[in-house]
Amino acid sequence: MKTTISVIKADVGSVAGHGIAHPALLAKCEEILAKAKEEELLTDYYVTNCGDDTELIMTHKQGEENKEIHELAFNAFMEATAIAKDLKLYGAGQDLLSDTFSGNIKGMGPGVAEMEFKERPSDPVVVFCCDKTEPGAFNLPIFRMFADPFNTAGLVIDPSLHNGYKFEIFDVMEHKKVTMNCPEEMYDALALLGSISRYVIKRVIRKDDNEIAAAISTERLNLMAGSYVGKDDPVAIVRSQSGFPAAGEVVEPFAFPHLVGGWMRGSHNGPLMPVGQKNAYPVRFDGPPRVMALGFQIADGELVGPADMFDDPAYDPARKQAAEIADYMRRHGPFEPHRLPADEMEYTSLPGVMEKLEGRFEDID
Ligand code: F6R
Ligand code: MG
Ligand code: MG
């Protein structure tokens, strides 16, 4: 019997402004998932938040894209939204694009990462949750975990990883996908993956036996809704050890706080700061963007853990560096490359400015 892990997340309201999900929202989701566990729809669950996003980490036997599981998550977010509205939380229900469930939560606002696998004798899994950034923020760290020998020693010295991994890459603009093999097609893959707002890693698969290794949420809420309705803060599930990167290789890429799009008004580049749960609360200029890592052992579907993996003093230098980069980037104010290029901004006054200036532009001789 296979186990499925579904991580489904949405921002349905926060304190103060787009800060942190209110505990009452998490408590409501807990209550609903507890009932689903009692009724044996879920095997286990863990409810958490990263900043203003509420994350439902669920295990079950229903497989990926299961209607009942998606509906359960949708209903939990709907009920949490009702509380958020009562408390007049900021952005109450902001990620729910519809109030009626239509069979699959994808396309309805929430972000989804899911994978199904047959449990190994011991199966460590790391769930990453981000706030104030976009799915492409995972391109660099996921690539490094599964294809960069300077990050993952196992790619070189462990025969069970040595053959490499396949990357399923989504073009989120054209709604197309392509699968590329690493290391053979590494340079071609990087030619795509460097464009983080367009090409995003959706899945990583072990080449030896097609075993699923990682799954990432790739929803782009702003594209789905047609107009800006909030940032599509991503989540990822990564399996580790015995044929996959070791847990320490999985979290290693985040020791470098790389620049990602998001931050204030979803319109700025800033460093991705790795944080323990207690600091998953972006404040300064609504950021800088955060990522947390929760480690679990999966035991017959039970979620044993979590271990709060970035709550480690070895990540203090990365946090310090991220804070320094945040200072440096902020000093650019409204200038690129702190502010995103015009076509990537989620707020823009440019059309209005251009309208006002109509007739005032003259040809340059
Ligand atoms: C970024 C984010 C925040 C808001 C900002 C303005 O993803 O959520 O930075 O964009 O606080 O929010 P509004 O327009 O709701 O006042
Ligand atoms: Mg919000
Ligand atoms: Mg958020």
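In this predicted model, the largest pocket holds about 320 Å³ of space. Its lining comprises 14 residues. Among these, F170, V172, H175, T218 and E219 lie nearest the centre of the pocket. Three secondary-structure elements, namely β8 (165-171), β9 (176-182) and α6 (221-225), each contribute at least two residues to the lining of the largest pocket. By residue class, the lining of this pocket divides into 7 charged, 4 nonpolar and 3 polar residues.

The surroundings of ligand 1 were examined in turn. A shell of 11 residues surrounds ligand 1, and the closest of them are H18, Y90, R265, D286 and Y347. In this shell, 5 residues are nonpolar, 4 are charged and 2 are polar. Taken alone, ligand 1 exposes 410 Å², of which the protein buries 80%.

Annotations from UniProt were then placed on the model. An unreviewed UniProt entry assigns the feature "binding site" to H18, K132, R265 and D286. Because no two of their C-alpha atoms are more than 9.9 Å apart, although they span 269 residues in sequence, these residues gather at one spot. Of the annotated positions, H18, R265 and D286 are also listed among the residues closest to ligand 1.

The feature "binding site" is likewise placed by UniProt, in an unreviewed entry, at D11, H18, D52 and Q94. These positions are spread over 84 residues of sequence, yet they cluster in space, with a largest C-alpha distance of 10.6 Å.

In the fold, H18 is located in the loop between β2 (14-15) and β3 (20-21).

How values were computed
Residues numbered from 1 in each chain as written. Chains lettered and ligands numbered in written order. Predicted model: local features only at pLDDT ≥ 70, side-chain atom pairs only at ≥ 80, totals over all residues. Heavy atoms only, no water. 1 Å grid on protein atoms, 1.4 Å probe; cavity = no way out; pocket = protein on both sides within 12 Å on 5 of 7 lines; lining within 4 Å. Points joined across faces, edges and corners; volume = space filled by probe spheres on them. Helix = DSSP H or I, 4+ residues; strand = E, 2+ residues; numbered from the N terminus. Nonpolar A, V, L, I, M, F, W, Y, C, P; charged D, E, K, R; others polar. Near = heavy atom within 4 Å. Areas by Shrake-Rupley, 256 points an atom, 1.4 Å probe, with all protein chains shown as cover. UniProt positions renumbered as here; feature names shortened; annotations may be inferred.
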